[in-house]
Amino acid sequence: MATPTDTTAPVTITQIQGEAELMQALAIREVVFIEEQHVPEGIERDAEDANAYHIIANQGGHAIGTGRLVMLPQSPANQSGKWGQIGRMAVLQSHRKARVGSMLLTHLEDEARKRGCTGIMLHAQLYALEFYKKHGYEPVGAVFQEAGIDHLEMHKRL
């Protein structure tokens with residue numbers, strides 16, 4: 001039986017190295033998106049996974065969160081420069097409210113800056129709107145459905 005993660009241990013965020021860590025990240029996404037939010041399995045994983053910069057959050061020897069950065073081929077409408085898209089941000093339920101999401105987001109933004117991005121775009125689920133606003137993201141356009149869930153596109157200049 002799995003032991004619960006030591007929530008007093010420090011959280012580390014690193015770039016995913018190798019297939020084993022990628023499988024851990026995909027397992028977290030499966031729990032959060034497919035099991036909790038009922039996203040169809042066929043759309044949770046996509047072609048971008050092969051080219052994305054993936055990160056994993058670990059605590060007490062257990063993977064607890066993940067996210068990815070994808071470089072966009074062109075900037076969003078009415079924007080210029082090099083843009084990235086942050087997505088597939090997922091934290092296991094037992095570790096939410098512990099700032100793991102903020103740590104993941106900051107790490108992905110730092111990587112985008114290293115890659116010369118002038119902005120970040122993401123698709124935020126409506127319940128997470130305030131989280132992203134606190135981090136400087138602004139909503140753009142109207143609510144749209146993605147995987148049967150209401151989202152808003154959000155932008156942040158870096």
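1. Leaving aside neighbours within four places in sequence, Ile86 is in contact (heavy atoms within 4.5 Å) with Arg68, Leu69, Leu105, Leu108, Glu109, Ile120, Met121, Leu122 and Tyr137. Please keep in mind that this is a predicted model, where local features need pLDDT of at least 70, side-chain atom pairs count only at pLDDT 80 or more, and totals for chains, interfaces and linings use all residues. Residues are numbered from 1 along each chain as its sequence is written, and side-chain values use heavy atoms, with hydrogens and water left out.

2. Next, the core around that residue. A nonpolar core here is a set of buried Ala, Val, Leu, Ile, Met, Phe, Trp, Tyr and Cys residues joined through side-chain atoms within 4.5 Å. Buried means under 20% relative accessible area, exposed means over 50%, and partly exposed lies in between (1.4 Å probe, protein chains only). The largest such core has 24 residues, and Ile86, Leu104, Tyr132 and Tyr137 touch the most other members. Two or more residues come from each of strand 2 (53-59), strand 3 (62-71), strand 4, helix 3, strand 5 (119-125), helix 4 (129-134) and strand 7 (149-157). Helix 3 gives the largest share, five residues. Helices (H or I, at least four residues) and strands (E, at least two) are DSSP runs, numbered from the N terminus. Apart from this core lies another, of ten residues, including Ile16, Ala25, Ile28 and Val39. As background, nonpolar side chains tend to be buried together in soluble globular proteins.

3. Helix 3 deserves a look of its own. The expected span of a helix is 1.5 Å times one less than its number of residues. For the 15 residues of helix 3 that gives 21 Å, and the end C-alpha atoms are 21 Å apart, which agrees. Its buried residues include Val100, Gly101, Ser102, Leu104, Leu105, Leu108, Glu109, Glu111 and Ala112. Just after the helix, Gly116 takes a positive phi of about 85°.

4. Beyond its neighbours within four places in sequence, Glu111 is in contact with Tyr53 and Leu69.

5. How many aromatic pairs does a search of the whole structure find? The search finds two. Rings of Phe, Tyr and Trp (its six-membered ring) pair if their centres lie within 6.5 Å; planes under 30 degrees apart count as stacked, over 60 as edge-to-face and the rest as tilted. Phe131 and Tyr132 have ring centres 4.9 Å apart and planes at 75°, so this pair is edge-to-face. Tyr132 and Tyr137 are also edge-to-face, at 5.8 Å centre to centre with 80° between the planes. Phe131, Tyr132 and Tyr137 form one aromatic cluster.

6. His38 sits in the loop between helix 1 (18-36) and helix 2 (41-44), and its phi is near 60°, a positive value in a residue other than glycine. With 63% relative accessibility, His38 counts as exposed. Arg99 lies in the loop between strand 4 (83-91) and helix 3 (100-114). Although Arg99 is not a glycine, its phi is positive, about 65°, and Arg99 is exposed, with a relative accessible area of 58%.
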